Amino acid sequence: MGPVSSLISLPGWANMLIAVAIGIGFGFSLEQAGFSSSRKLVGMFYGYDTTVLKVFFTAAIVALAGSQFMGYLGLLDLTKVFVNEYYVLPAITGGVIMGLGFVVGGFCPGTGLAAISIGKIDAMVFFFGGLTGAFIFAETYPLIKGFSDGTYKGPVRINETLGLSPGVFTFLLIIAAVFMFWLAEKAEKRFSRPDISADI
Amino acid sequence: MNPRIRLSIILISAGFVLAVLPLKYTRSLGGSPAKLLSASLNDSLAISADQLARFISLEDKDIHLVDLRDKADFMITGIPGAVNVPYHEILEKDPSSFLLAGNARNIFYSSDDLQPGYAMIIAMGLGYRNSYFLRGGINEWTRVVSDTIYRGGTITARENALFESRIKAGRLYNKLCNLPDSLKIKYLNAMKFNPKKLDGGCE
């Protein structure tokens with residue numbers, strides 16, 4: 001039963017190698033989906049191209065439903081799957097900074113790296129900006145430690161907070177996703193920019 | 001049919017199936033690890049055998065005992081009013097099925113202090129802040145309460161009060177331990193924890 005890392009005990013470097021292979025696969029998929037184009041990515045914010053929403057939301061609900069089916073069939077032990085810890089205010093602040101960086105820079109970290117791999121100069125500048133941000137965070141960490149480590153909620157799941165079973169939550173999320181896809185299609189028609197879309 | 005509509009139907013159908021499937025419900029521990037650790041080191045969270053004897057002799061409704069030993073041990077020497085949830089099952093079970101929320105005190109006990117200490121931290125992490133453990137476990141309880149005897153001589157009023165609660169709780173405990181298995185099962189079933197009944201209301 002998965003996860004794979006619980007089936008066989010691999011040395012640290014082998015685990016890192018697997019992560020690198022998955023990362024390359026992920027980056028390749030991003031590039032093939034057209035996510036190395038900043039105009040396509042920021043189209044999400046202007047409404048003329050909502051591929052980002054459709055691709056990532058589809059990936060999230062397929063992964064969620066798939067892992068729950070695998071868990072039910074005994075193929076994946078969900079208790080061994082890492083759940084990220086939740087810090088309320090730092091997560092909101094980080095989300096705002098990330099969103100601003102996304103709309104200003106035209107990439108998110110993953111798509112930025114995918115764009116670097118095909119030689120895009122704007123992505124290299126974007127990546128340098130990301131590194132600068134990480135450097136500033138590391139250097140100022142002692143000053144913002146209280147905020148950064150505060151409002152800790154532990155590795156909570158949304159369905160627990162809402163008092164729903166995992167299956168019911170997944171069902172509701174899928175309904176929400178399908179509604180968002182419909183809304184996204186409407187937005188694409190409403191804010192259509194054929195001049196940009198033809199170039200992407 | 002439009003492939004997007006087809007995909008949406010497949011996803012919604014999969015979601016519906018998941019909604020009706022009895023999926024395993026895993027719970028996450030909340031609260032800062034540092035805070036949980038410092039809370040667990042708080043000496044006031046350890047209940048002494050005498051304190052517990054007093055609660056039992058006064059029939060305190062706000063305490064809730066959880067025996068973490070195996071069922072066989074619990075059947076032989078279970079403290080009156082306790083529910084049995086073997087330690088290895090506490091993360092598998094829905095905590096609301098064996099713990100009380102609110103002001104009630106959940107007191108864990110086992111043969112020693114190790115597992116009850118862990119169980120107490122888990123319960124606190126799950127949001128049951130009023131969690132405690134019986135210091136010294138069932139062995140300390142037996143030594144202090146069950147085996148207590150009057151050795152003669154003059155005792156102070158405080159010692160007398162302590163002795164009385166020990167005797168009263170000890171009698172109840174020994175009576176339960178000496179019941180034949182059939183009656184003991186009946187007693188334990190009658191005591192079975194049902195949180196819904198404790199919710200109050202005007203029934």
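Me: Which residues of α9(A) are buried?

Reply: In α9(A) the buried residues are Pro166(A), Gly167(A), Phe169(A), Thr170(A), Phe171(A), Ile174(A), Ala177(A) and Val178(A). This is a predicted model, in which local features need pLDDT of at least 70 and side-chain atom pairs count only at pLDDT 80 or more, while totals for chains, interfaces and linings use all residues. Residues are numbered from 1 along each chain as its sequence is written, and chains are lettered from A and ligands numbered from 1 in the order in which they are written.

Me: What do the buried residues of α9(A) pack against?

Reply: Two residues are in contact if their C-beta atoms, placed from the backbone, lie within 7 Å. The buried residues of α9(A) pack against α4 (51-72) and α8 (158-162) of chain A, and also against α1 (3-20) of chain B.

Me: How many residues does each chain bring to the contact?

Reply: Chain A gives 24 residues and chain B gives 19.

Me: How many helices and strands are in chain A?

Reply: Helices (H or I, at least four residues) and strands (E, at least two) are DSSP runs, numbered from the N terminus. Chain A has 10 helices and 2 strands.

Me: What share of chain A is buried?

Reply: Of the 200 residues in chain A, 18% are buried.

Terms used. A residue is buried if 20 or more other C-beta atoms lie within 10 Å of its own, exposed if 12 or fewer, and partly exposed in between; C-beta atoms are placed from the backbone.
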